[in-house]
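Let's take a friendly walk through a protein model. Have the sequence and the 3D view open while you read.

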Amino acid sequence: MNAEALFAKPFDFSDQLASAFVPRPHIGATFNTRGDTSHAYVGLAWTFSLTERIFLEGALGGALNNGVAGPVTPVGRSAMGCHLGFREAASLGYRFTDAISLMATVEHISNAGACSDNRGLTNVGMRLGYSF
């Protein structure tokens, strides 16, 4: 399960193309319902409209996970290496209305080789977005 707050752009340009490159801050968390690794994250997201209804979104930032970070990895768990890492995400979305959208999303967290182990974690799923 994932919950995320994606905030408004801090400023905009009159040029629509230039405005697409202004990032939006976000904060969120992905919860593993089986008790495996969950994580919280913050970062910046960029949204690019392909048509009036279809859009792409990319995000970069940092993540804090509760995965296995010590020298011994229990059976069935991934060795995350350390609790602090990086998060990248990408979505392909469809706007049903100005307020409601549906997105196919992939996210990946890892420590980028900064710690002894770097198994990383990748989640794929669907997200429902609501703008207010």
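Here is a short tour of the salt bridges, the disulfide, a surface patch and one serine.

Before we start, keep in mind that this is a predicted model, where local features need pLDDT of at least 70, side-chain atom pairs count only at pLDDT 80 or more, and totals for chains, interfaces and linings use all residues. Residues are numbered from 1 along each chain as its sequence is written, and side-chain values use heavy atoms, with hydrogens and water left out.

**Salt bridges**

A salt bridge here is a side-chain nitrogen of Lys or Arg within 4 Å of a carboxyl oxygen of Asp or Glu. Searching the whole structure turns up 6 salt bridges. Here are some of them, with the strands they come from; helices (H or I, at least four residues) and strands (E, at least two) are DSSP runs, numbered from the N terminus.

| Salt bridge | N to O distance | Where the partners sit | Residues apart |
|---|---|---|---|
| glutamate 4 and arginine 87 | 4.0 Å | strand E1 and strand E5 | 83 residues |
| glutamate 57 and arginine 127 | 3.8 Å | strand E4 and strand E7 | 70 residues |
| glutamate 107 and arginine 87 | 2.9 Å | strand E6 and strand E5 | 20 residues |

Arginine 87 turns up with glutamate 4 and again with glutamate 107.

Arginine 87 is buried, because its relative accessible area is 3%. Glutamate 107 is buried too, at 6% relative accessibility, and both glutamate 57 and arginine 127 are buried as well. Glutamate 4, at 28%, counts as partly exposed.

**The disulfide**

How many disulfides does a search of the whole structure find? There is 1 disulfide (a pair of cysteine sulfur atoms within 2.5 Å). Cysteine 82 is joined to cysteine 115, with 2.1 Å from S to S. This bond ties together distant parts of the chain: cysteine 82 lies in the loop between E4 and E5, cysteine 115 lies in the loop between E6 and E7, and they are 33 residues apart. The torsion about the S-S bond is about 90°, so the disulfide is right-handed. Cysteine 82 is buried at 18% relative accessible area, whereas cysteine 115 is partly exposed at 23%.

**A nonpolar patch**

Now look at the surface. Patches are built from residues with over 30% relative accessible area and no salt bridge, where like charges are joined within 9 Å and nonpolar side chains (Val, Leu, Ile, Met, Phe, Trp, Tyr) within 5 Å. One nonpolar patch includes Leu50, Ile54, Tyr94, Phe96, Met126 and Phe132, and its members together have about 1300 Å² of accessible area (Shrake-Rupley method, 1.4 Å probe; for residues, only the protein chains shown count as cover).

Which strand gives the most to the nonpolar patch? That is E7, with 3 residues. Strands E4 (54-65), E5 (84-95), E6 (100-110) and E7 (121-130) each supply at least two residues. Tyrosine 94 sits in strand E5 and counts as partly exposed because its relative accessibility is 35%.

**One serine to finish**

Serine 19 is in helix H1 (residues 16-20). Is serine 19 buried or exposed? Serine 19 is buried, since its relative accessible area is 6%. Leaving out residues up to four places away in sequence, serine 19 touches Lys9, Asp12 and Phe13, where contact means heavy atoms within 4.5 Å.

Notes:
Buried < 20%, exposed > 50% of the residue type's maximum accessible area, 1.4 Å probe, protein only.
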